[in-house]
Structures are given as structure tokens and as C-alpha cells.
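Please look through the sequence and the model below before reading on.

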Amino acid sequence: MAFVAVNAEQAEDWNGASGREFIEQRERHERMLGRLRARLLAAARIQDGETILDVGCGCGDTTIPAARATRGGHALGADFSRIQVAEARRLAACAGVTNARFEVADAQVHPFQAGAFDVVLSSLGVMFFDDPAAAFANLRKALRRGGRLAFLCWRAREENPAFIIGFAEAAVVFGLREPPGPSAAFSLADTGRTGALLSGAGFGGIEFGKADEPMLIGRDVDDVLEYERTSPTATEILAGLSPAQAAELTGQVRDRLVAYASPDGVTIPGAAWLVTAHAV
Ligand SMILES: C[S@@+](CC[C@H](N)C(=O)[O-])C[C@H]1O[C@@H](n2cnc3c(N)ncnc32)[C@H](O)[C@@H]1O
């Protein structure tokens, strides 16, 4: 089956700058997101022998533990980022995990085998659909009746300081940039809208649990500042500034990071929804 991307803009980003960042910063992301991912896997209640679909699997950091949890079954990681799927395959092979498989696929439209999965899970990979109603209906179709859905999505931007302390937000404060428009990362933050979306797609027993976990962003302020400075957005912003403006903006971000620093590192609270439901 040919690969068709309907979510062209997102697919381009995750095959480009964001995808590369997720590969390069994978270990940092595990320190940031590890606690949230562990809560997702616990909520999925994977049983030996079950078949799992991990949507937006990235480099396979939830697919691989899901495959280990099902032992006699198998896990499929689906992602439209070719570069991350290649990395996920490499990491699974290195880890000796033979019951995880990865496919380059757009989860909104990919013809997954109907009713083939016991569990559909996603760690922060279901917020980017152009047509979320179609996408969740497609995921519902992949689940057997009674099968479980469990995913993480961010709560509102205002509850997530990690998204408001970086160069993009500082540039807004300095009048160097327009305030950002709605971001796909927060597209499922509204529980009323997301709940309606899920029930419309054929899910029942929908529950939203608050998943609040500290995210260890880096070992100290300099480490995090470098991480923020080299992010795709910051690189673009800084390229358009004079050296004096760039220094002022960098100082501003540094000051914000200091507030989250301790001898254990820079830790920023993360606020996600852990959403669970079943296929009706
Ligand atoms: C924030 S990353 C999370 C990756 C991974 N699950 C993790 O926990 O690190 C979002 C992922 O969803 C993928 N993604 C977004 N929309 C998708 C779609 N329509 N189909 C398949 N993958 C998608 C992106 O390529 C990216 O790898």
C-alpha cells in the first residue's frame, strides 16, 4: 500500500526539523517524558499475548516496552516520520526486541487491519491530525470491540511552563514576534471537545486523568539553555536578530530557567491528560 500523507505540513515537520530533534535529543526526552510514558503504559494494562498499536511512536520509546509487556503478542509502532521509524527499528534491534514492528504510516488514514488490536496507545502522538474525527474513527476501526484506548496529550499551554519559557515566548515579550497561534500540541486539551470527538468515533467509558509529572529538562541552566537555543524555533528566531538582541533574549530565557533549577537539575512541571476509553 502506497504511503499517503494527508497531514502534509505536520508530516514535513516530523520528517524534518522536529523529527531530527526527537532523534538527537532522545535521551533527554526520556528523562523529560519517562514518568509520563510509564503512567501511560500502566494505564494500558497490557496483558501477555495482546496486540498493541502505538500511534505516533516516534523512536519507539513506548513501542519497545509495550512489546516487552505483551511478550507472546506483538506491538506495531506507526509514525509518518520515516527518519524516526528508521531509528525505532534500529533501537528495537539493538535491544533484542523481536516482537516490535514499525511502519511508516499516517494514522489518520492508514488501513490498519480492522479489529486486529487489543490496545491502541499513544504517547503525545495523537494531537496533530488535520481531521481528528476521521483519525479517531480510523483508530477505533483498528481495535476489536472492547479493546482499550490509552493516550497522553498535553493540557493547556498555560499549565505547561516548558512551552512558555523558551525563546519563542521571550521573543513575544520583547515584541520581536507575534504571539503564537493555536498550537497542535494542545489541540486535545479541552476535555469537552475531546470527549465528544472520542464518543463520536465509537469509544465509551472515556476518562480523563490528570497526569502531572516533573520533567527533568537538563543537568543545569547552561545545558537547558543550549538545548533551547538550538531548537528549530529558536534557531529561526535568533537568525533574524542583531547580536545585542540575541544576547538580551538569551539572558531573558536564562533568567526564566533559573527559577526551575536545583542541584538535581532543571525540572519543569508537565501537565498532561491521560485519556482512557474502550471501543464500543
Ligand atoms: C511529540 S512526538 C511523540 C513521539 C513518541 N510517541 C514519544 O513519546 O516520544 C509526536 C509523534 O507523532 C507523530 N505523528 C503526528 N501525527 C501523526 C500521524 N497523523 N500519523 C502518524 N504519526 C504521527 C510524529 O511524527 C511524532 O513522531
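Threonine 62 lies in the loop between strand E1 (51–55) and helix H4 (63–70), where helices (H or I, at least four residues) and strands (E, at least two) are DSSP runs numbered from the N terminus. The model is a predicted one, in which local features need pLDDT of at least 70 and side-chain atom pairs count only at pLDDT 80 or more, while totals for chains, interfaces and linings use all residues. Residues are numbered from 1 along each chain as its sequence is written.

Is threonine 62 buried or exposed? Threonine 62 counts as buried because it has 29 C-beta neighbours inside 10 Å; a residue is buried if 20 or more other C-beta atoms lie within 10 Å of its own, exposed if 12 or fewer, and partly exposed in between, with C-beta atoms placed from the backbone. Leaving aside residues up to four places away in sequence, threonine 62 touches Arg37, Leu40, Leu41, Asp54, Cys57, Leu121 and Ser123, two residues being in contact if their C-beta atoms, placed from the backbone, lie within 7 Å. Arginine 37 is 25 residues away from threonine 62 in sequence, yet the two are 6.8 Å apart in space, C-alpha to C-alpha.

The ligand has 24 residues around it, of which Trp14, Gly56, Gly58, Ser123 and Gly125 come nearest; a residue is near a molecule if its C-beta atom, placed from the backbone, lies within 6 Å of it. Helix H1 (8–15), helix H3 (26–44) and strand E2 (74–79) are the elements that give two or more residues to this shell, and H3 gives the most, with 3 residues. By type, the shell around the ligand divides into 9 nonpolar, 11 polar and 4 charged residues, where Ala, Val, Leu, Ile, Met, Phe, Trp, Tyr, Cys and Pro count as nonpolar, Asp, Glu, Lys and Arg as charged, and the others, Gly among them, as polar.

Next come the backbone angles. Most residues other than glycine have a negative phi. Leucine 124, however, has a positive phi near 60°; this residue is found in the loop between strand E4 (117–123) and H6, and it counts as buried because 21 C-beta neighbours lie inside 10 Å. Arginine 71, in the loop between H4 and E2, also has a positive phi, near 40°, but with 13 C-beta neighbours inside 10 Å it counts as partly exposed.

Two packed helices are described by the angle between their axes and the distance between the axes. Helix H6 (residues 132–142) packs against helix H8 (residues 191–200) at an angle of about 50°, with the axes 8 Å apart; axes are lines fitted to C-alpha atoms, for helices over the stretch in contact, and angles run from 0 to 180 degrees between N-to-C directions. H6 and H8 are therefore oblique to each other, since angles under 35 degrees count as roughly parallel, over 145 as roughly antiparallel, 65 to 115 as roughly perpendicular and the rest as oblique. Their contact is made by Pro132, Ala133 and Phe136 of H6 and Leu197, Leu198 and Gly200 of H8, and these residues divide into 5 nonpolar, 1 polar and no charged.

Helix H9 (residues 221–229) and helix H11 (residues 243–258) pack at an angle of about 130°, with their axes 10 Å apart, and are therefore oblique to each other. Val221, Val224, Leu225, Glu228 and Arg229 of H9 meet Thr250, Val253, Arg254, Leu257 and Val258 of H11, a contact that divides into 6 nonpolar, 1 polar and 3 charged residues.
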